[in-house]
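Hi everyone, thanks for making time.

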Amino acid sequence: MRRYWRLYKVFWRNGFRREIEFRANFWAKVVTNFAWLFFFIALVEVIYARTNAIAGWDRNDAFLLVATCYWMSSIASITFFRNLGMLPSLVRLGTFDFVLVKPVSSLFWVSFRFVNLDEIGTLIGSFAMLGYAVSRMRPLPDLAQVIEYFVLCFSGLTMYYSFYLLTMTFSFWLVRVDNLSALIDTILYMARFPTDIFRGVLQRILTFIIPLAFIATIPSKAMLGRMEWWLLPVGVGLAAFLLAGAVAFWRFATRHYTSASS
């Protein structure tokens, strides 16, 4: 484990050095991503200018939800999203052969090789927005609510990683899975809206089948003190189950990989 931690620190150093080689490009991307966050905040302001609440979510609740979704999206982009998106080209071009001969886990290398620092601006902005939303809550959340919030956010990130890994692993059999990648990105976009706006079967599907609700809606409810207690163990268990399934599928795929030249 210590060896992987040292290796991951090297990945971060390389990512930082790579970005400072093109500083203007780096800052342009940071500003652009920060602008996207600003425009979405403006959209929330426009919506709540004409109503006080939507499906039980008032303006401040919506800020908490959007901030949660954006910082989780930033963490995913910085750590694994870009890396897993490169897997189809690694398999298609045959360069995945070189990954298999490296003295580290192929899954670790494929998932975390590149650190994408473009999203730093969005990450800082979303945490500032989160702090603003929490400071306006009355009463303020207690320690248990904050712990539940971060546990569920970590579970949501694990589910997102697992779904993305499952999808990209199909590239061992399919020539192109770029459209599936866009579908996963769309799921994260939908998470910016509370799943309470859906009703009946669709809401249950988005909670337990495609656990969209665990990405932002349920963690935000935990912070607001409106979450049902049993959703915490369900979220943690679902994240562990999906991760175990995704890793098992990855091992199956790499065991049957025969190289692009075979």
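I'll go through pockets, then the cavity, then the cores, then the cysteines.

A word on the basis: this is a predicted model, where local features need pLDDT of at least 70 and side-chain atom pairs count only at pLDDT 80 or more, while totals for chains, interfaces and linings use all residues. Residues are numbered from 1 along each chain as its sequence is written, and side-chain values use heavy atoms, with hydrogens and water left out.

Let's begin with the open spaces. On a 1 Å grid over the protein atoms alone, a pocket is an open set of points with protein on both sides within 12 Å along at least five of seven lines, a cavity is a set where a 1.4 Å probe fits but cannot get out, and lining residues have an atom within 4 Å of a point. Grid points are joined across faces, edges and corners, and a volume is the space filled by probe spheres set on them.

The largest pocket holds about 690 Å³ of space. Its lining counts 21 residues, and Phe112, Phe154, Thr158, Tyr161 and Leu243 are the ones nearest its centre. Two or more lining residues come from each of helix 1 (2–21), helix 3 (59–85), helix 6 (106–112), helix 8 and helix 12 (231–255). Helices here are DSSP runs of H or I, at least four residues long, numbered from the N terminus. Helix 8 contributes the most, with 5 residues.

Of its 18 lining residues, Tyr70, Ser73, Glu119, Asp185 and Arg192 lie nearest the centre. This lining has 9 nonpolar, 6 polar and 3 charged residues.

Among the residues lining it are Gly156, Phe163, Ile187 and Leu212. Helix 8 (143–169) and helix 9 (178–190) each supply at least two lining residues, and helix 8 has the largest share, 4 residues.

Next, the cores. A nonpolar core is a set of buried Ala, Val, Leu, Ile, Met, Phe, Trp, Tyr and Cys residues joined through side-chain atoms within 4.5 Å; buried means under 20% relative accessible area, with a 1.4 Å probe and protein chains only. The largest core has 67 residues, and Leu84 and Trp250 are among those with the most contacts inside it. Helix 3 gives the most to this core, with 15 residues. A second, separate core of 11 residues includes Leu152 and Leu242.

Finally, how many disulfides does the structure hold? The number is 0, where a disulfide is a pair of cysteine sulfur atoms within 2.5 Å.

Note on methods: Ala, Val, Leu, Ile, Met, Phe, Trp, Tyr, Cys and Pro count as nonpolar, Asp, Glu, Lys and Arg as charged, and the others, Gly among them, as polar. Buried means under 20% relative accessible area, exposed over 50%, partly exposed in between (1.4 Å probe, protein chains only).
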